[in-house]
Amino acid sequence: MSANRRWWVPPDDEDCVSEKLLRKTRESPLVPIGLGGCLVVAAYRIYRLRSRGSTKMSIHLIHTRVAAQACAVGAVMLGAVYTMYSDYVKRMAQDAGEK
């Protein structure tokens with residue numbers, strides 16, 4: 001029985017997972033920031049689960065989800081605003097350079 005031990009190794013021309021993650025992080029740094037914020041909020045709210053008082057479990061979990069989503073959406077919005085601003089500034093610089 002000969003086992004093919006190279007079935008899980010990526011070909012030489014492809015990036016490994018860590019290189020791909022680093023490249024994507026350099027291209028859009030707000031994605032890991034949004035994911036990290038989402039995880040921090042979720043971890044904090046789960047930590048605070050025991051001291052929720054008389055609040056129902058479902059309400060506490062809904063608030064946790066909304067807070068975590070707010071971090072992710074906030075990061076996406078910051079990225080969109082940054083992209084629009086940088087495109088506008090580049091266009092204005094190009095227009096000023098042509099005159």
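This is a predicted model: local features need pLDDT of at least 70, side-chain atom pairs count only at pLDDT 80 or more; totals for chains, interfaces and linings use all residues.
## The overall picture

Let us start with the whole chain. Its secondary structure comes to 3 helices and 0 strands, and from the N terminus on the elements run α-α-α. Of the 99 residues of the chain, 8% count as buried.

How much surface does the chain expose? The answer is about 8,800 Å², with carbon and sulfur atoms supplying 64% of it.

Helix H1 covers residues 17-27, and Arg23 and Glu27 both lie in it.

Arg23 and Glu27 form a salt bridge, and their closest N and O atoms are 3.8 Å apart. Are the two partners buried or exposed? Arg23 counts as partly exposed because its relative accessibility is 30%, between the 20% and 50% cut-offs. Glu27 is exposed because its relative accessible area of 52% is over 50%.

## The two annotated regions

The unreviewed UniProt entry places the feature "transmembrane region" at residues 30-47 and 67-85. In the model, residues 30-47 are 100% helix and 0% strand, and the end C-alpha atoms of this span are 25 Å apart. Helix H2 is made of residues 30-47 too.

For residues 67-85, the model again gives 100% helix and 0% strand. Here the end C-alpha atoms lie 27 Å apart.

Helix H3 takes in residues 57-98. H3 has 42 residues and reaches 61 Å from its first C-alpha to its last, close to the 62 Å expected at 1.5 Å a residue.

Which residues of H3 are buried? They are His60, Thr64, Ala68, Ala75, Gly79 and Ser86. What covers the buried residues of H3 includes H2.

Thr64 is in helix H3, and Val41 is found in helix H2. Why do both count as buried? Thr64 is buried because its relative accessibility is 9%, under the 20% cut-off. Val41 is buried because its relative accessible area is 19%, which is also under 20%.

Now look at their contacts, leaving aside neighbours within four places in sequence. Thr64 is in contact with Val41, Ala42 and Arg45. Val41, in turn, is in contact with Thr64, Ala67, Ala68 and Cys71. Ala68 is itself one of the buried residues of H3.

Val41 and Val66 are 25 residues apart in sequence, while their C-alpha atoms are 9.8 Å apart in space.

## A nonpolar patch on the surface

The last stop is on the surface. Tyr85, Tyr88, Val89 and Met92 make a nonpolar surface patch of about 410 Å². Tyr85 is found in helix H3. This residue is exposed because its relative accessible area of 54% is over 50%.

Methods
Residues are numbered from 1 along each chain as its sequence is written. Side-chain values use heavy atoms; hydrogens and water are left out. UniProt positions are given in the numbering used here, feature names are shortened, and annotations may be inferred rather than shown by experiment. Helices (H or I, at least four residues) and strands (E, at least two) are DSSP runs, numbered from the N terminus. Buried means under 20% relative accessible area, exposed over 50%, partly exposed in between (1.4 Å probe, protein chains only). Contact means heavy atoms within 4.5 Å. Patches are made of residues with over 30% relative accessible area and no salt bridge: like charges are joined within 9 Å, nonpolar side chains (Val, Leu, Ile, Met, Phe, Trp, Tyr) within 5 Å. Accessible areas come from the Shrake-Rupley method with a 1.4 Å probe; for residues, only the protein chains shown count as cover. A salt bridge is a side-chain nitrogen of Lys or Arg within 4 Å of a carboxyl oxygen of Asp or Glu. The expected span of a helix is 1.5 Å times one less than its number of residues.
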